[in-house]
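Here are a few exercises to work through with the model open. Try each task before you read its solution.

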Amino acid sequence: MATDKAVDQLTLAEARTEVGPLRQQLTQWGREYYEQDNPTVPDYVYDRQYKRLVEIEARFPELKSADSPTQRVGGQVTTDLPKVPHDIPMLSMGDVFSVDELLDFNARQQGEDEADSPFEYNLELKIDGLSLSVVYENGKLVQASTRGNGSIGEDVTANVKTIKEVPQQLKEPLSLEFRGECYMPKEAFAELNAKREEAGQPVFANPRNAAAGSLRQLDPQVTGHRQLAAFMYYVPEWQKLGVTTQAEALDRMRELGFVVNDTNRVVHTADEIQAYIDEYTAKRDQLPYGIDGIVEKVNDLATQDELGATVKVPRWEIAYKFPPEEEATIVRDIVWTVGRTGNVTPTAVMDPVQLAGTTVSRASLHNPDYLKEKDIRLGDTVYLHKAGDIIPEISRVDLKKRPADSQEYKIPTTCPVCGSELVHLDGEVALRCINPMCPAQIKEGLAHFASRNAMNIDGLGPKIISQLWDKQLVRDYADLYKLNRDRLLTLDKFGEKSAANLLTAIDNSRNNSLERLLFGLGIRHVGAKAGQLLAARFKTMDNLMVASQEEIASVSNIGPTIGESVAAYFANEQVQALISELKSVGVNMAYDEPETTTVAENSQWNGRRVVLTGKLTGMTRGEAKQWLENHGANVTSSVSKKTDLVIAGEKAGSKLTKANSLNITVWDEARFAQAMKEEQ
């Protein structure tokens with residue numbers, strides 16, 4: 001990871017050593033943020049490291065890499081929602097972190113023309129949500145999608161139709177794409193987390209992640225109950241609106257029926273830019289929605305087109321990110337909690353302070369090394385930041401205010417729950433309790449077992465699990481399947497309906513495919529993807545349990561670390577007894593293979609590169625893509641010389657034009673439908 005050495009002082013060898021781990025860390029953080037809606041670091045931490053990577057690659061161009069986070073937009077599209085290609089890529093924005101950097105960006109952007117004809121800018125609030133594309137045909141909403149990786153997003157049309165700020169019918173019969181930001185208002189976020197906590201479900205870290213998780217639901221009814229909202233702010237094909245500036249485009253979208261944030265301001269000078277930033281830095285906590293900065297856009301749309309974009313960001317806009325807020329407080333205690341893998345984590349308990357609009361009294365200290373590095377002690381005055389409204393963290397200790405009798409904090413040697421000796425495993429920085437019967441680990445393990453991506457037992461959250469444990473109704477995973485109505489009715493706030501619902505959810509989970517069970521068991525290093533790969537390869541739990549470490553490691557994308565962990569796990573007699581008990585209560589131990597279509601060797605579609613464009617009336621594009629892939633075709637999102645066929649529906653655009661220019665075969669939907677019948 002990054003060192004403290006300035007980039008301009010690095011040697012090529014030092015930069016080469018640093019750049020690999022830095023990219024890996026940024027990729028992981030990006031995956032957590034974009035794909036899992038579960039960031040583990042504040043925005044400013046990611047931004048700081050990302051900026052360092054940009055500077056290293058600029059100073060040492062030979063270290064640039066096509067797979068670098070600096071060359072990617074957003075995250076991979078990993079949900080079960082249908083995929084939507086973006087004809088015009090949805091790019092990210094570049095960031096600056098001070099007004100001086102913003103003005104430097106403007107000077108570079110305008111170049112020699114700055115003195116003669118300085119650019120006019122439109123300033124807008126940077127709404128803390130996720131990017132949204134909505135497409136209208138003859139004024140009717142026909143498609144909505146997320147940004148995804150910039151080229152391909154997720155189809156969220158049904159979910160967006162539950163957002164009242166997005167009109168299903170425009171006031172004019174336009175056929176056009178509009179883009180904006182989907183977000184969750186602060187009040188709706190507070191209500192949602194209160195309900196989830198009451199139901200024993202995990203709460204969302206912040207409104208942005210709550211909005212992302214809500215918009216990407218497979219059930220639109222869930223989305224509808226989440227009270228999402230949206231502001232629209234961009235029209236890729238602005239010429240069709242009859243406007244020439246960004247400010248005019250916002251007004252025009254408002255006329256069409258969209259909700260547009262009304263805080264934008266056209267500015268010309270550095271003083272005007274500074275005044276707008278100062279105003280909304282002061283107002284941000286009072287706004288009913290979250291913002292994490294200010295967006296500056298060249299106001300003239302023709303100039304935007306002239307400036308263009310890099311592979312990742314437009315050159316005509318930039319985001320000024322708010323600096324992290326800091327507040328001083330005093331550390332009163334350090335408590336240690338035990339996770340499901342035995343990881344024992346310290347948390348600072350402090351005098352409450354207001355930070356980013358919320359009261360904060362606790363902050364994770366991550367691990368003993370972090371605690372030692374910061375030299376945090378009881379009674380210390382520390383400074384807290386909460387960048388991005390996400391994770392409170394101690395930035396520094398005020399040594400001048402340290403009490404005279406202060407003593408270095410002693411790291412515990414025994415588990416705070418079960419009293420077992422704590423150990424460091426494999427050189428990890430984390431302390432671990434390795435007692436498999438530690439109550440804290442078992443309760444955390446039960447919560448993981450019941451989680452959505454594991455056995456998906458709806459309604460079985462940490463609070464209910466704690467009650468079940470305290471009343472000695474469960475001691476392992478198998479005990480969940482032995483619960484009955486009478487036992488559940490002994491729990492606090494549990495009635496007939498809630499007991500029946502939970503029993504139904506538990507019963508349904510018996511039929512899950514093997515990969516969910518493997519993930520739910522909490523085997524070290526085995527995530528959802530590894531569980532799926534192992535289940536697909538070994539088919540049954542019995543086969544996997546007798547497989548050797550080498551056989552497991554030989555599975556594609558598994559490797560020796562997981563191989564060793566899985567083999568060691570199933571060699572444990574307690575685990576073997578647990579699996580036997582799970583079998584006895586009817587939990588499925590086999591892999592449910594997804595349905596596949598056998599492709600005939602003489603199929604006309606085998607190996608053909610096909611592009612879908614325009615609107616299909618007899619089927620969705622997703623259904624057409626699935627059919628083509630099931631019959632051996634390779635469906636791509638862009639037209640090139642290698643494309644064999646373009647299937648064009650109604651209102652096909654630039655892809656059809658390019659196909660004709662390259663003399664590529666083009667079918668309409670009727671011809672495609674006939675070919676489908678011929679293939680049967």
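**Exercise 1.** Which residues of helix H8 (residues 246–256) are buried?

Solution. First, some ground rules: this is a predicted model, where local features need pLDDT of at least 70, side-chain atom pairs count only at pLDDT 80 or more, and totals for chains, interfaces and linings use all residues. Residues are numbered from 1 along each chain as its sequence is written, and side-chain values use heavy atoms, leaving out hydrogens and water.

Next, the terms: helices (H or I, at least four residues) and strands (E, at least two) are DSSP runs numbered from the N terminus. Buried means under 20% relative accessible area (1.4 Å probe, protein chains only).

Now go along H8: Gln246, Ala247, Ala249, Leu250, Arg252, Met253 and Leu256 are buried. Their cover includes strands E3 (121–127) and E10 (291–298), plus helix H10 (301–307). Just after H8, Gly257 takes a positive phi of about 115 degrees.

**Exercise 2.** Find what valine 45 touches, leaving out residues up to four places away in sequence.

Solution. Start in helix H2 (residues 43–59), where Val45 lies. Contact means heavy atoms within 4.5 Å, and on that count Val45 touches Trp29 and Glu393. Val45 counts as buried because its relative accessibility is 9%.

**Exercise 3.** Where is arginine 147, and why does it count as buried?

Solution. Look in the loop between strand E5 (140–146) and strand E6 (152–154) for Arg147. Arg147 counts as buried because its relative accessibility is 15%.

Terms used. Buried < 20%, exposed > 50% of the residue type's maximum accessible area, 1.4 Å probe, protein only.
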